[in-house]
Amino acid sequence: MLNREVVIAGAGPAGLAAAIEAAKAGAQVLVVDLNIKPGGQLFKQIHKFFGSSAHRSGIRGMDIGTQMLAEAEKYGVEIWINSAVIGLYSDKIVSIERGLENGEKELVNIQAKKVILATGASENVVRFKGWTLPGIMGAGAAQTMINVNRVKPGKKVVMLGSGNVGLIVSYQLMQAGCDVVALVEAAPKIGGYGVHASKIRRAGVPIYTSHTIIEARGTDRVSEVTIAELDSKWQPIPGTEKVLECDVVTLAAGLKPISDLVRLHDLDLTFNAVFGGWVPKHNRDMESTQSGIYVAGDTTGVEEANTALEEGRLSGVAAAEALGYLTAEQAKELKDDIWERLDGLRMGPFGEKRMFAKNDILADFPACVK
Amino acid sequence: MALDQNGVITREELINFKQIVSDERYKKGPVAVIECIQEIPCNPCEAACAQGAIKIGMPITELPILDEDLCTGCSICIAKCPGLAIFMVDKTYSDTQALISFPYEYTPLPEKDEIVSAVSREGVVMSEAKVIKVMNPKSFDRTPVVTIAVPKEMADDIRSMKRK
Ligand SMILES: Cc1cc2nc3c(=O)[nH]c(=O)nc-3n(C[C@H](O)[C@H](O)[C@H](O)COP(=O)(O)OP(=O)(O)OC[C@H]3O[C@@H](n4cnc5c(N)ncnc54)[C@H](O)[C@@H]3O)c2cc1C
Ligand code: SF4
Ligand code: SF4
């Protein structure tokens, strides 16, 4: 069996930031990701990020990804792509289905001293009549098609959901040369940032709040959808139906944390609606209810790349400290800085809810860790 | 209707959030117009302005406030704003026309002297407009800034051009 000091599942912003911090402090780090490229969501995000200018805001997600990979390499982080963490056993034995260069897979067990789970989130689906027709897909999938694979999903798109994902992907679909016929949102208000919504309005996209898709029709693939207005009880109002012609429908109805590995290892979970579902309990070091197993990023509650990154850093610093690579004072200084930035990111009308939700989770952490 | 209902910022909202440039300042030449009224965690505009004309402060969710006397209308901040929420308006361009500069991240880019369709915050075509300048230096990091000449009376309404 192989040995590594720190094994990290997921090479998104959380996993990479954790890897960089732990390796910078001197730990031997392996990151495992099931994709063909490390970076998680970052390489799909061709737009400039929000955040504090002191921390790479105004830089495009994909460029943050490139910078992080260079940094990880500089500190000697080992990255296995095409490889999935499929098991987590007692005493921190990590089972990996490792992708080999010849396309084969092999099963590898690694004895880790510390494990960090940063497996991100997955898209929610919405069901309506005809939702299985070809051409209907997740917004994240459409974003991967245009920004990573450079393939247009179609010509005319109807987007469902007005959170930041729905707004940003609508914009990027137009940048890729598609037309967005309409953005449909069931709630009475736009969920994401006004500035993102304004961008697509200037490009002529109507936003229908208090509306939903009733039905999608088509023979080989979707060719039109019926939308209708919703009353205050979220019921369609008869007579308000509109038919929109389209060949693609993209669903941006939120994300939920991926907690398979967390469940496998019996970490305590808690349900948190703000964060998108069941999330592992953790303390301010991002350590779960099992000592030496850390969690970070969207896995601990769906937020943003910059919060994922800072949480990743916290877990990396904490793991390095626990391994003896940082003194308590050194670690405290680093962690205090990170928490200050995290608090800044969780402010304002959009962030506040997440600050309260995070505080609930921290307060819920069992006093004596198993 | 308001920004969070249909994505279009209203004049009332801009007034409430103190993001209207004064008529006196407009008379002095080009000036940045910031349309960012929600407390989001974002501040690159503050760092972008070498004149120190944009203030956000701490925490970073504070709204950007423009000191219109410090602003030279240089347009650097336009490309640095990830929300594409900053424009430049020059109401002194000619007797009948004003200049509007806006971020434009679509292809193909318009060319200088081309006639394009100027659009409002709703994406409604307001008038034809001549392209005066297209700036796309490396420092703008792939957010080109387009400047068009529009009828002066539409300077508070036109904010972009129709996608080609
Ligand atoms: C359309 C869209 C727009 C966004 N826009 C912004 C924005 O403007 N600003 C912002 O800050 N944030 C934005 N975000 C959010 C941001 O991308 C995410 O919050 C962030 O990527 C979360 O980071 P993460 O590292 O937790 O997860 P991810 O980036 O999802 O990475 C998780 C990684 O784990 C891997 N993985 C999962 N399971 C396993 C396993 N068992 N074994 C091995 N590997 C595994 C996955 O392949 C993936 O690479 C956006 C997200 C989307 C979808
Ligand atoms: S236009 Fe120039 S001077 Fe005015 S706020 Fe923007 S960067 Fe500063
Ligand atoms: S950079 Fe743009 S979006 Fe961010 S605070 Fe400044 S004006 Fe608002």
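Which residues have the most contacts inside the largest nonpolar core? They are A:L173, A:I200, B:I86, B:I100, B:F102, B:I148 and B:V150, and this core has 68 residues. A nonpolar core is a set of buried Ala, Val, Leu, Ile, Met, Phe, Trp, Tyr and Cys residues joined through side-chain atoms within 4.5 Å. Buried means under 20% relative accessible area, exposed over 50%, and partly exposed in between (1.4 Å probe, protein chains only). In soluble globular proteins, nonpolar side chains tend to be buried together.

The model is predicted: local features need pLDDT of at least 70, side-chain atom pairs count only at pLDDT 80 or more, and totals for chains, interfaces and linings use all residues. Residues are numbered from 1 along each chain as its sequence is written, chains are lettered from A and ligands numbered from 1 in the order in which they are written, and side-chain values use heavy atoms, without hydrogens and water.

Helices (H or I, at least four residues) and strands (E, at least two) are DSSP runs, numbered from the N terminus. Contact means heavy atoms within 4.5 Å. Neighbours within four places in sequence aside, A:L173 touches A:I146, A:P153, A:V157, A:M159, A:C178 and A:V180. Another core, of 25 residues, lies apart; A:A27, A:V29, A:F49 and A:L309 are among its members.

Chain B holds an open, antiparallel sheet of seven strands, in the order 1-4-5-8-7-6-9. Two strands pair if DSSP finds at least two bridges between them. Strand 1 (31-34) and strand 9 (158-161) are the edges, each pairing on one side only. Strand 1 pairs with strand 4 (residues 86-90) over four bridges in the antiparallel sense. One bridge joins B:V33 to B:F87.

Two ligand sites were examined through the residues with a heavy atom within 4 Å. Around ligand 3 stand residues including A:F50, B:C36, B:C42, B:C45, B:C81 and B:I86. Chains A and B both surround ligand 3, so the site is shared between chains. Its shell has eleven nonpolar, one polar and no charged residues.

Notes:
Nonpolar A, V, L, I, M, F, W, Y, C, P; charged D, E, K, R; others polar.
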